[in-house]
Amino acid sequence: MSTSPSGPGSTQAPGREPVGSRPAKRRTARDHAPITLTGLAVKVVLLGLVAGIAIWAAFPLIEAGKWAGLALLVATTAGLFHLYLTRRHVPAKYLVPGTLFLIAFQVVPVLYTAGTAFTNFGDGHRGDKQGAIVAIQTASVKQVPGSTEYALSVATEGDPATGPLVFLVTDPAGGAVSVGDGTGLRRLDAGEVTVAPGGKVTAADGYTVLNFGQASARSQEITDLVVPTAGGALRSSGLSRAYEGKAVRAYDAGCDCVRDSETGRTWTADESTGSFVAADGERLAQGWKVGVGLRNFTRVLTDPNISGPFLGTLVWNFAFAVGSTGGTFLLGTFVALALHSPRMRGTNLYRVLLILPYAMPSFAMLLVWRDMFNSDFGLINNLFGLGVNWFGEEWSARAAVLLVQLWLGYPYMFLVATGALQAIPRELTEATSVDGASPWQSFRAVTLPLLLVALSPLLISSFAYNFNNFNAIYLTTEGGPFPADNPTNGATDLLITYTYRLAFGGQGAEFGFAAAISLFIFAIVAVVSAVSFRRTRKQEEVYA
Amino acid sequence: MRIRTAGVVAVFTLALAASGCGGGSDEPATNESPKAAGGKLVIWADDKRTAALKPFAETFGRENGVTVEVQAVSKDLQTNFVTAAQQGSGPDVVVGAHDWIGNMVQNGAIDPVQLAADQKSAFNETAIKAVTFNGQLYGVPYAMENLALIRNTALAPEAPKTVEELVATGKRLKAEKKASEILCLQSGQNGDAYHIYPLYTSAGGYLFGTTADGDYDPKDLGVGKPESIEAFKKIGALGEKGEGALKRSITPENSIATFTGKKCAFLVSGPWAVADVKKAGISYDITPVPGFAGGKEAQPFVGVQAFYVASKGKNKALAQEFVANHVTKPELAVALYQAEPRPPALTAALDQVKGGDPDLAKFTEAGRNGQVLPAIPAMAAIWDPFGKAEAAVIGGADPARTITAAGQTIAGQIK
């Protein structure tokens, strides 16, 4: 590292360096490495990009008053500039970009998920309490029965852009025009106003009537303007009509409850569930987000609907991940070995053909396979003259998804096994044959162990991927077939598809619950991976 | 030397950043000028409707001196809208199915719309009922859709009056090798609650009871009740172990294609299937989905597409104006009909287009006794378990055990 040229982008250009003084220069290369034009340009552009992104991100942060975030942004940007404008900290120059991306795309989402797991975040509980109160009150504004619908013009006594707003409303019955503001309605003389045929006031003495463009620029004020009347209040419905409406439900801070003025019912705020609850247990739909402690986790462990089928699903989940990984590994390696043989002809053509399934989008392929397994119209039954209801029976469905996985996955294993095989010196196998070993013995004793040293990390990551391979199941069987008496847990369900159904299949999405479940799955996969990596390391020590 | 290089880099960088930032500040400036003159209305719709809405939106913008932007959200429009609304980055108006209302209301994402009595009466009554939730009107409908029986008149000249008649005709055609399936009613391995619903109601089942004011009542769940068990016994008799009219191998992907391939004489589907049927050159007729002999009427779900005003939109007054006073005009409904042929919800618009398209009146007739698709959030808990129970019963499972389990699962998910 110490002898490498400093800074990313500063490429070596030996021609520019005076020849001869090289050994002496090496020692202080960091201070005197040549500055090439390309290197400088790349540096300027990249740092410019950093500064640009920082400035772009700063404005919304300032607007929202998120000072902690702004401080973080300034510190990060300043740190980056310091790092790349000075010639020190060479290792950090290489490490920092990766670390920043790791934090942004790995650590933060994981922490966010973990944080969400302790809340009730989900449909009906997305915002804060104030938002829920506003939503409840707005949703309860009802037109006063038998009240008049007025034609509306929005006007002002002052400047169209800033002056205080008033409503000019025309009673359709008599054509009488009134002006309304926050204090109430006042009749205007017929002589002072000009009324268009539809009833809309187009001009009034002392007022400027706003056109749609001017009015819609002050949309929020118009929505907020409420003209009190005897029966309720005059509100705007768009920009050309007004109606007399009344908010039936209102929040009362005194009792921390919502009261319905028509029925007299009250719903008291329950901070533990984030909703307004009536005495008889009825809840208002609009709730808010609250911390629920460990409730999501205890629900995973204690709900009989979840813990009941959990073990069976877990066993199948392991079988699926092991089967997918093992099957593709065996087939891929077998094909790679066959094509590796020096007696094989036309290997390039075979290789191209073998990579084809890997080159096709697995998303589309999964759907095609699903239709091929259709019992009446599917290619497989028609081709072989079978009448198997593949996705309708427990074991045939499991075999079918494993078969699809095998087809989708073996080209990948074939590719990596080919690469690893080519890295194993042929002399080793030749030596074994000289010693009189059969091809099988030589494969067992020499090729396979060396192959496994290279492939084990890939096998572990493939296992972890297949353990959570949502698409493989959801796009084919959707977890089915389901037992007649249990529509929540099917024979091919993985933990991830099963819990997806639990968290999102019911009445609205439950992100908090889903986050808790994903933490459990994360723990399972992490333990399995950690154990496997430990074993691999031991294996490497033996064979390396 | 060292300091100079650092200085050069820093100056260049800042110049670059400044120019980048200058470009950024130009943009709001250009946006600012029309904003000062007029507001901006942002509408979210799916791809097809975006194209139909654009010319109309532009006219609205030009006439009123405002900017109207129609943005296409091709996937998960409802979820994206609810999430964006929460973040404050959502649109002013959103276009979507009426059964989203329950979820959008519980998330505080949409506002009620106030229509005058004469505006309301211009719409199909069922459409207005569909967008009414908790006694409030939450959207302005523009199109309706429901299932009907589409029949290949070359194979089956007469419309069947009952399910039994349909099955008899289908079986005869199958015996004569004119068709390979009795009925194309999509189910798939996990069932399809929407498509089986007409038969379920005809056999006496129901999903939710109704409260005194006509809303669906999530506390009165019909799935798992004796009526539903009886209904599923009749459905099971049509299944794979019975008549063979209902099969799990007929999926959402292949049901229309099987019909257009002339492999079945009857298709239960909606207006969206007509384009494919026409393209295949099949002589067809559209009639209501028949019920069981001696049973109740088969009632398909009626779904409504509507415009909604976002609660957290930046320009709510303009959004209200657009939805309440401009979507209610027939021109837009006709334009949207031309983008996708579903019966318009505005009676005037339907009258305008039905002369050129006899199928519309037939679909409307098939949906006349339909039931509004429940918009209550509890409905989301129905689809999956109900569909799976249907698939299991079609496959020959015991109806009583299956539907009781489905009812328990659904009840457990309703909050």
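Are B:R151 and B:D285 buried or exposed? In this predicted model, B:R151 is buried, and B:D285 is buried as well. Their side chains meet in a salt bridge, with N and O 3.6 Å apart. The pair links distant parts of chain B, since B:R151 belongs to strand β8 (residues 148–152) and B:D285 to strand β12 (residues 284–287), 134 residues apart.

**Salt bridges**

Over all chains, the structure holds 34 salt bridges. Side chains of opposite charge can pair when their charged atoms come close. Four of these pairs are set out below.

| Pair | N to O distance |
|---|---|
| B:K247 and A:D376 | 3.0 Å |
| B:K354 and B:D351 | 3.3 Å |
| B:R172 and B:E176 | 3.5 Å |
| B:R151 and B:D285 | 3.6 Å |

The pair formed by B:R172 and B:E176 has partly exposed members: B:R172 has a relative accessible area of 40%, and B:E176 has a relative accessibility of 39%. B:K354 and B:D351 lie three residues apart in helix α14 (residues 347–354) of chain B, so about one helical turn separates them. B:K354 counts as partly exposed at 37% relative accessibility, and B:D351 is likewise partly exposed, at 44%. Elsewhere, A:D493, A:R501, B:D384 and B:K388 are joined into one network by salt bridges that share partners.

**The interface of chain B and chain A**

In the contact between the chains, 75 residues of chain B meet 69 residues of chain A. Together the two chains bury about 5500 Å², of which 55% is on carbon and sulfur atoms. Three salt bridges cross this interface, and 27 residue pairs are in polar contact across it. On the side of chain B that touches chain A, the elements giving two or more residues are α1 (2–37), α3, α4, α12 (316–325), α16 (380–394) and α17 (399–413). Of these, α1(B) provides the largest share, with 14 residues.

Helix α3 (residues 77–87) of chain B has the buried residues B:L77, B:Q78, B:F81, B:V82, B:A84 and B:A85. Elements of chain B that cover these buried residues include β1 (40–45), β3 (93–97), α4 (101–106), β4 (110–111) and β13 (301–310). After α3(B) comes B:G88, with a positive phi near 85 degrees.

Chain A is divided into domain 1 (37–116), domain 2 (142–251) and domain 3 (302–543). The C-alpha centres of domain 2 and domain 3 of chain A are 67 Å apart.

Which helix holds A:T418? This residue lies in helix α14 (residues 394–423) of chain A. Because its relative accessible area is 8%, under the 20% limit, A:T418 counts as buried. A polar atom of the A:T418 side chain lies 2.6 Å from the backbone oxygen of A:F414. Leaving aside residues up to four places away in sequence, A:T418 touches A:A336 and A:R351.

Key: Residues numbered from 1 in each chain as written. Chains lettered and ligands numbered in written order. Predicted model: local features only at pLDDT ≥ 70, side-chain atom pairs only at ≥ 80, totals over all residues. Heavy atoms only, no water. Domains from an automatic or database assignment. Buried < 20%, exposed > 50% of the residue type's maximum accessible area, 1.4 Å probe, protein only. Helix = DSSP H or I, 4+ residues; strand = E, 2+ residues; numbered from the N terminus. Contact = heavy atoms within 4.5 Å. Buried area = accessible area lost by both parts, 1.4 Å probe. Salt bridge = Lys/Arg side-chain N within 4 Å of Asp/Glu carboxyl O. Polar contact = N/O pair within 3.5 Å; in protein donor to acceptor, adjacent residues only side chain to side chain.
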